[in-house]
Amino acid sequence: QANVHQEKARLGLLKEKLRELELRIKLDVEAAVYNLRSTGKRISATEKALEQANESLRIELEKYDLGKGSITDIFDAESALLDIQTIYYSALADYHIYSTQLKFVQGRL
């Protein structure tokens, strides 16, 4: 009977560890989903900024061709475009990282 009691206690411990593990997995999945959604929104916002930066550069080039702008304005527009591109590609990389993380915590890798 002591063995039965001991095994029941051990079973209770194992059930509690399983519950903790399930909760940790659930939390990891929720965090990965949140990160993925957040990064998707960041990509969307950055795409709009990319469009604006490209348009700004186009305008500065056109102004320069017409003799109404300076090369410094072009360089500034190119610099702004490069900054946005860096942010955009960083967000894309994060998206792929979080996508892989989600697959991992879901056991699909």
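Modeller: Glu16 is partly exposed, because its relative accessibility is 36%. Buried means under 20% relative accessible area, exposed over 50%, and partly exposed in between, with a 1.4 Å probe and protein chains only. This is a predicted model, where local features need pLDDT of at least 70 and side-chain atom pairs count only at pLDDT 80 or more, while totals for chains, interfaces and linings use all residues. Residues are numbered from 1 along each chain as its sequence is written, and side-chain values use heavy atoms, with hydrogens and water left out.

Biologist: Which residue forms a salt bridge with Glu16?

Modeller: Arg19 does, with the closest N and O atoms 3.9 Å apart. A salt bridge here is a side-chain nitrogen of Lys or Arg within 4 Å of a carboxyl oxygen of Asp or Glu. Both residues lie in helix H1, three residues apart, about one turn of the helix. Arg19 is partly exposed at 44% relative accessibility.

Biologist: How many salt bridges does the count come to?

Modeller: Six, by this rule. Among them is the one between Glu7 and Arg10, at 3.4 Å from N to O. Glu7 is partly exposed at 43%, and Arg10 is exposed at 51%.

Biologist: What do the buried residues of H1 pack against?

Modeller: They pack against helix H2 (71-105). Thr46 is one of the buried residues of H1, and its relative accessibility is 7%. Leaving aside neighbours within four places in sequence, Thr46 is in contact (heavy atoms within 4.5 Å) with Ile84, Ile87 and Tyr88.

Biologist: Is Glu60 buried or exposed?

Modeller: Glu60 counts as buried, because its relative accessibility is 13%. Not counting residues up to four places away in sequence, Glu60 touches Asp73, Ile74 and Ala77. Ile74 and Ala77 are among the buried residues of H2.

Biologist: You mentioned Tyr88. Which residue forms an aromatic pair with Tyr88?

Modeller: The structure holds one aromatic pair. Tyr88 and Tyr89 form that pair, edge-to-face, at 5.1 Å centre to centre with 75° between the planes. Rings of Phe, Tyr and Trp (its six-membered ring) pair if their centres lie within 6.5 Å; planes under 30 degrees apart count as stacked, over 60 as edge-to-face and the rest as tilted. Tyr88 is buried at 13%, whereas Tyr89 is exposed at 53%.

Biologist: Last one. What comes just after each helix?

Modeller: Just after H1, Gly67 takes a positive phi of about 80°. H2 is followed by Gly107, whose phi is also positive, near 80°.

Definitions and conventions: Helices (H or I, at least four residues) and strands (E, at least two) are DSSP runs, numbered from the N terminus.
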